[in-house]
Amino acid sequence: MRGPAALVTAAAVAAAVVGGGTAFGLEALLGGHGSSSASAPAASGTNASASGTVAGVVDAVKDSVVEIKADTGSGQSTGSGVVITKDGQILTNNHVVSGADTVRVTFEGGKTARARVVGTDADKDLALLKAEGVSGLRPAALGDSDAVGVGDQVVAIGSPQGLSGTVTSGIVSAKNREVKVPKEDGGQEPEQDQGGGGLGGGWPFEFDGGQYNGGVQGETTTYKAIQTDASLNPGNSGGPLFNMSGQVIGINSAILPAGSGQGQASQSDAGSVGLGFAIPVNDVKKDLDALRDGTA
């Protein structure tokens, strides 16, 4: 990529009732994967073996993907997540659940459950949830993001615009992408667009020496991500990016929307232009023990 462009969180569609109307807000977020991390052992999963086709991957992993709704005092954010244990541990983005009073997850088939936030890592924009009162789930297998190459085919599943179970596919476009954004510390509420139902602009961010959407202030975080051209849209945040073996190789976190630049993305501009970003799963695996202990 040459020159700066606005990044928008690939997910949390924040909804707030304003004067009887519903307003949706998009949070802007990160870009790129970067330096290769030491390969961690793949976590076990029980999803069926994928056939190497998009349809085969979807059939193998669809039961492992959930929709997440996080309620605050002023609105609701919608994102996605991936089940990693039979008893209901779920990975998602920190910005999906940051500041939430209650969190509910919806599984494939429509079953819902309340979930609690076990641990968060604002530096990596990761959160671990635990769905209550569930068992016998089909967890996804965590793969090896270091083994992913540019040009490899990938599949994303999530809830863009609240359309749960939406499947998109593409390739790994690049690695080593880096963007600095304000840090979500778990005490902030989803960004609200007070314009009356439109998709709002994104968080401030820094990219390629420029500052956009008002400039980055306060505490920030930077991480590196896998870039993909699989279509990601608001609601995909926190959802899994799979390889063609049905293994999770990233957690979708951000998009660069159409019409981006030094201003905010408008309602007509927001959406995927084939520039999405995912947190590498090897970085996630390094963080899992701390997330489970609530010490990340």
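**Entry 1: Glu178 and its partner**

I started with Glu178, which is partly exposed, with a relative accessible area of 44%. The model I am reading is a predicted one. I then looked for a charged partner and found Lys224. The side chains of Lys224 and Glu178 meet in a salt bridge, with 3.9 Å from N to O. Where do Lys224 and Glu178 sit in the chain? Lys224 is in strand S15, residues 220-228, and Glu178 is in strand S12, residues 166-182. The two are 46 residues apart, so I noted this pair as a link between distant parts of the chain. Lys224 is partly exposed, at a relative accessible area of 29%.

**Entry 2: the other salt bridges**

How many salt bridges does the count come to? I got 3. One of them joins Asp63 and Arg138, whose closest N and O atoms are 3.9 Å apart. This pair also links distant parts of the chain, 75 residues apart. Asp63 is in the loop between helix H1 (54-61) and strand S4 (65-71). Arg138 is in the loop between strand S9 (126-131) and strand S10 (141-142). I checked the cover on each partner. Asp63 has 31% relative accessibility and counts as partly exposed. Arg138 has 33% and also counts as partly exposed.

Next I wrote down Lys69 with Glu67. Their salt bridge has its closest N and O atoms 3.9 Å apart. Lys69 is partly exposed, with a relative accessible area of 29%.

Is Glu67 buried or exposed? It is buried: its relative accessible area is 8%, and the cut-off for buried is under 20%. Glu67 lies in strand S4. I looked for other partners of its side chain. A polar contact of 3.4 Å joins the side chains of Glu67 and Ser159. I then listed what Glu67 touches, leaving out residues up to four places away in sequence. The list is Thr78, Gly79, Arg104, Val105, Thr106, Ser159, Gly162 and Ser164.

**Entry 3: back to strand S12**

I returned to S12 for Ile171, which has its place in that strand. Ile171 counts as partly exposed, at 35% relative accessibility. Which residues is Ile171 in contact with, leaving aside its neighbours within four places in sequence? I found Gly151, Asp152, Gln153, Val154, Gln227, Thr228 and Asp229. The C-alpha atoms of Ile171 and Gln153 are separated by 4.2 Å, although the residues are 18 apart along the chain.

Gln161 is not a glycine, and it has a positive phi of about 55 degrees. Gln161 lies in the loop between strand S11 (153-158) and S12. With a relative accessible area of 43%, Gln161 is partly exposed.

**Entry 4: helix H3**

I moved on to helix H3, residues 281-293. H3 has 13 residues. From its first C-alpha to its last, H3 reaches 19 Å, close to the 18 Å expected at 1.5 Å a residue. Where does H3 bend? The bend is at Asp287, by about 45 degrees. I then marked the buried residues of H3: Val281, Asn282, Asp283, Val284, Lys285, Asp287, Leu288 and Leu291. I kept one general point beside that list. An α-helix has 3.6 residues a turn, so residues three or four places apart point the same way.

Gly294 follows H3, and its phi is positive, near 70 degrees.

I also looked up Ala290, which is found in H3. Leaving out residues up to four places away in sequence, Ala290 touches Thr295 and Ala296. The C-alpha atoms of Ala290 and Thr120 are separated by 8.8 Å, and the two residues are 170 apart along the chain.

**Entry 5: the chain as a whole**

I finished with totals. The chain has 3 helices and 18 strands. What share of the 296 residues is buried? Buried residues make up 56%. The accessible surface comes to about 10,900 Å², and 43% of it belongs to carbon and sulfur atoms. Last, I looked at contacts between residues at least 6 apart in sequence. Of these, 73% join residues at least 24 apart.

Key: Residues numbered from 1 in each chain as written. Predicted model: local features only at pLDDT ≥ 70, side-chain atom pairs only at ≥ 80, totals over all residues. Heavy atoms only, no water. Helix = DSSP H or I, 4+ residues; strand = E, 2+ residues; numbered from the N terminus. Buried < 20%, exposed > 50% of the residue type's maximum accessible area, 1.4 Å probe, protein only. Contact = heavy atoms within 4.5 Å. Areas by Shrake-Rupley, 256 points an atom, 1.4 Å probe, with all protein chains shown as cover. Salt bridge = Lys/Arg side-chain N within 4 Å of Asp/Glu carboxyl O. Polar contact = N/O pair within 3.5 Å; in protein donor to acceptor, adjacent residues only side chain to side chain. Expected span 1.5 Å × (residues − 1). Bend = angle between axes of the 7 residues up to and from the residue.
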